[in-house]
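Hello,

Please find the structure below, as promised. My notes on what was found in it follow.

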Amino acid sequence: MNIFQKMMQIDRRWVYLAIGLAVIIPSIKSFDVPVTVSPEVKRIYDFVDSLQAGDYVFICVDYDPSSMAELNPMAVAIVNQAFVKDLKAIFVTLSQFGPGLVEQITSQLAANHNKINGVDYAFLGYRPYPAITILAMGVDFSVPFPQDYYGTPLDSLPVMNGIKNFDDVKGVIEITSGNTADFWLIYGNGRYGFPLAIGITGVMSANYYQYLSSGQLFGIIPGVKGAAEYEELVGFPGEGKAQMAYQVIAHSVIIIFIIISNVAYFATRKRKAGLEGGNQ
Amino acid sequence: MKREIPILIVGITGFAMLIQYFIPTDWSEFIFTYSQDWVIVIGIIAMPLGIWSLVKANVNKLKVPGERFYSAVLLGGFLIMVLTCLKEESRMAGSFHMDLFNYVLVPIQATIFSLLAFFIASAAYRAFRARSILATILLLTAFLIMARFIPLGPISIINLKIDAWILQVPNMAANRAIMMGIGLGATATAMKIILGIERTYMGHD
Amino acid sequence: MNYFNRVLFALMLLLMIGGGVLAQDTGLTAVAAPDTLGPPAPQPPTNITVTDREDDGGHGLVIRWELSEDDGQGLNNVNMYDILRSSALDGEYMSRGIVPSGTNEFIDEDDQELTGSDPNLNFMPTGSTWYYKLAAISVENVRSVESEVVAGTTESNLFHWGKLPILFGVLIFGGFLLAFISQAKKGRELYVRPLSGINAVDDAIGRATEMGKPILFILGLGTAGDIATIAGFTILARVARRTAEYQTKVLVPVQDPVVLAVAQETVRTAYLEAGRPDQYNPDNVFYVTALQFPYVAAVNGIMLREKPATNFYCGKFYAESLILAETGNIAGSIQISGTDEIGQLPFFVAATDYTLIGEELYAASAYLSREPVQLGTLKAQDYTKAVAMVIVIIGAVLITLGLPFLLNLITVSL
């Protein structure tokens with residue numbers, strides 16, 4: 001068996017070892033990766049940047065701990081930008097694992113920016129059945145959420161004074177690893193027409209670019225790369241940018257393996273054709 | 001009759017929900033919401049079935065030498081999570097139950113998810129070979145999309161533009177075509193069930 | 001009268017006539033005296049109409065008006081419009097919403113009877129009458145005088161006309177369905193293109209029988225109401241019947257209790273129809289867990305221990321699809337997959353031997369049974385798809401030529 005045939009049948013454990021090293025090496029010796037910002041991410045940044053102090057932005061956190069690594073950086077970057085601009089942020093989650101994640105993000109970032117729960121932002125809590133909840137919020141936030149997550153009646157929260165439903169917020173940003181983005185598209189943007197942007201895992205992004213083309217979404221933050229781009233824009237480098245080193249090396253390793261596999265494939269194909277030609 | 005009655009129920013409720021979709025009145029909305037609530041109730045009623053199946057199957061496997069260990073771990077974990085959750089305060093942060101959730105279950109879930117990184121590499125190594133013209137196009141497209149993660153200086157800007165075009169034009173066209181097919185297929189399957197043509201989901205004696 | 005008195009009389013006459021002209025009633029409820037020290041108030045909107053909102057259950061009204069004379073013209077100082085509503089003509093008027101300048105329509109709706117457990121005071125029941133008046137607000141926050149009051153009554157609609165294109169689609173498809181089923185029942189041969197994934201099912205089951213290894217059938221993470229899961233049941237029924245005939249074990253780990261009940265019934269019936277009811281083991285169709293990755297871990301463990309000869313993935317899959325498929329590859333199984341989750345199809349195409357893409361999964365039942373009525377529904381699907389393709393092509397050409405009437409015809413408003 002020559003080297004090309006061996007390459008064709010390489011034990012998958014060598015591939016796993018290479019990927020393992022690819023993700024271990026940056027953790028020992030990290031490096032900065034220059035990030036080029038894509039237009040669909042910039043649109044979300046520009047939208048938030050265009051808002052005035054006191055404007056309301058609605059952020060829905062719908063991912064679970066398994067997607068935290070990919071989606072938490074973008075959530076943190078968006079909330080950082082909102083707090084720096086003194087926007088009023090309303091948080092909601094339609095995922096059963098969401099409350100813990102929202103609490104973690106808001107408590108940490110509110111402390112950094114001296115923001116007070118109930119005055120500068122509100123966390124309304126978790127409700128199941130995304131379609132029903134979104135439709136109800138379109139009428140009045142207090143219908144599905146008469147109290148916030150901490151049990152305070154909504155009408156006693158200063159931040160909720162003067163706002164009733166989606167007509168009073170400038171836009172909605174949904175961060176999800178599941179199919180709740182579809183519910184926001186159909187029942188949110190489709191029914192109430194508010195500006196909607198999403199932050200999603202990289203593997204989901206191919207499904208949602210079509211909504212960008214149709215205008216149903218005004219922006220997408222796709223995966224860790226999108227999170228790194230957003231951090232680049234807001235000027236708060238975080239986990240997103242830190243993970244880019246891993247992304248670069250892992251993708252490079254995969255590309256190298258694909259090249260090796262194709263070189264071996266063509267080499268063994270030519271060799272077979274050569275032998276056949278000889279037999280003929 | 002044992003077979004006819006369920007088919008009749010499916011047919012009548014199926015047509016009723018189809019007609020309900022076009023009627024916007026309050027009583028129509030009520031029928032829709034009420035039926036959705038019943039779906040949830042049925043799901044909750046079925047939960048003990050699932051738990052019984054899980055426990056019974058694994059108790060039986062305790063007798064099988066090769067399966068014994070894994071079934072014992074499953075049943076042990078199940079019992080620990082149930083017993084630690086009995087008190088009201090066990091669902092608060094800092095309780096033993098929540099610590100088990102946050103420091104055992106969540107990291108294990110993340111670990112399984114992270115297997116994707118390794119499996120993507122091995123699947124790509126095996127599958128992304130230019131065996132035909134279509135496979136070559138797939139290969140080149142994959143290269144272009146993956147290259148967006150690699151900083152290539154000014155080439156990155158051109159690559160981003162190409163990627164945006166790939167994602168917003170051919171990818172969008174393929175997505176929409178598959179979605180239209182899925183929409184029609186789902187409608188056909190639903191019609192087959194409502195009309196009683198498709199009955200394999202029902203059992204019989 | 002002397003000359004001076006005549007001039008005085010003429011002046012007084014002029015004053016009286018001029019004052020009368022200036023004091024004419026213009027139909028406004030009040031005239032706001034211009035504040036010569038502050039910014040001027042804009043003119044209010046006019047010609048207000050209030051009509052029932054179409055295609056709803058009688059809980060909404062549409063308020064339309066002509067823009068203020070100072071909106072985009074005149075003083076050009078209108079910033080927004082305030083829509084005020086009362087339940088009585090002389091009752092208290094409350095603001096229902098603010099819309100920006102340039103807008104001439106507002107939809108007032110509320111179909112929630114309760115706010116939490118308290119009655120919703122803004123609820124608009126069917127057949128209720130509401131009174132509206134509008135005011136324009138300038139950029140300096142000066143309000144115009146309020147417009148005249150206009151009333152409107154909510155009405156419930158029996159048919160949602162916005163969904164008419166959907167009804168036409170259903171009727172077209174239903175028509176094709178009945179036509180082809182009728183043709184199939186008359187014995188006409190209906191051609192359907194071959195699917196390699198379906199053709200491989202029998203060989204895959206045969207492989208498992210020869211090797212003496214079980215078959216693993218995974219219905220995915222959907223509920224029993226998902227069409228993909230239902231399609232999975234139909235394939236499971238065929239596979240279970242074959243495995244009963246060949247006396248091969250089939251393992252079905254499930255993620256939902258309702259799916260468990262249906263899967264058990266499906267497999268039990270398949271064994272009954274194959275004449276081997278005694279060989280059915282309910283422990284082979286078992287519940288694992290409701291969580292995604294623990295389910296994957298459990299199934300992976302089964303694959304690596306049992307080393308099934310054939311894996312079927314038929315249903316709804318998410319991020320776990322590649323993990324399952326690659327582990328199946330490690331275990332050396334032949335893998336046939338099918339899902340309607342578009343994002344997961346590339347993983348299945350790369351990692352499994354045969355993939356049923358989207359609607360091919362739904363069609364599997366017809367392919368496996370070859371029943372004429374089932375094949376008739378496939379043809380109906382294909383012809384409806386052809387009609388859709390023609391509409392898309394014609395519509396795209398017309399839009400390019402600036403003729404949107406076909407688009408307007410098929411647009412659905414929910």
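**A sheet in chain C**

In chain C, 4 strands make up an open sheet, and their order across it is β4-β3-β8-β9 with antiparallel pairing. At the edges stand β4 (94-100) and β9 (150-153) of chain C; each has a single partner strand, so one side of each is left without a neighbour in the sheet. From one strand to the next, the twist averages 30°. Please keep in mind that this is a predicted model.

One pair in this sheet can be followed in detail. Strand β3 (residues 78-86) of chain C is joined to β4(C) by 6 bridges, and the two run antiparallel. If you want a place to start looking, find C:Met80: the residue opposite is C:Pro100, in β4(C).

**Where chain C meets the other chains**

How many residues of chain C are in contact with chain B? The count is 61 residues of chain C, against 51 residues of chain B. On the side of chain C that touches chain B, helix α5 (residues 257-273) of chain C gives the largest share, with 9 residues. By type, that side of chain C has 34 nonpolar, 16 polar and 11 charged residues.

Chain C also touches chain A: 10 residues of chain C are in contact with 13 residues of chain A. Here the side belonging to chain C divides into 4 nonpolar, 5 polar and 1 charged.

**Nonpolar cores**

The largest nonpolar core has 181 residues. Which residues have the most contacts inside it? They are A:Phe91 and C:Ala263. Helix α4 (residues 227-246) of chain C supplies the largest share of this core, 11 residues.

Leaving out residues up to four places away in sequence, C:Ala263 touches C:Leu219, C:Phe233, C:Leu236, C:Val252, C:Val254 and C:Val285.

Another core, of 14 residues, lies apart from the largest one; among its residues are C:Phe106, C:Tyr132, C:Leu134 and C:Ala135.

Regards

Technical notes
Residues numbered from 1 in each chain as written. Chains lettered and ligands numbered in written order. Predicted model: local features only at pLDDT ≥ 70, side-chain atom pairs only at ≥ 80, totals over all residues. Pairing = 2+ DSSP bridges. Axes fitted to C-alpha atoms, helices over the stretch in contact; angles between N-to-C directions. Contact = placed C-beta atoms within 7 Å. Nonpolar A, V, L, I, M, F, W, Y, C, P; charged D, E, K, R; others polar. Core = buried A, V, L, I, M, F, W, Y, C linked by C-beta atoms within 7 Å. Buried ≥ 20, exposed ≤ 12 C-beta atoms within 10 Å, placed from the backbone.
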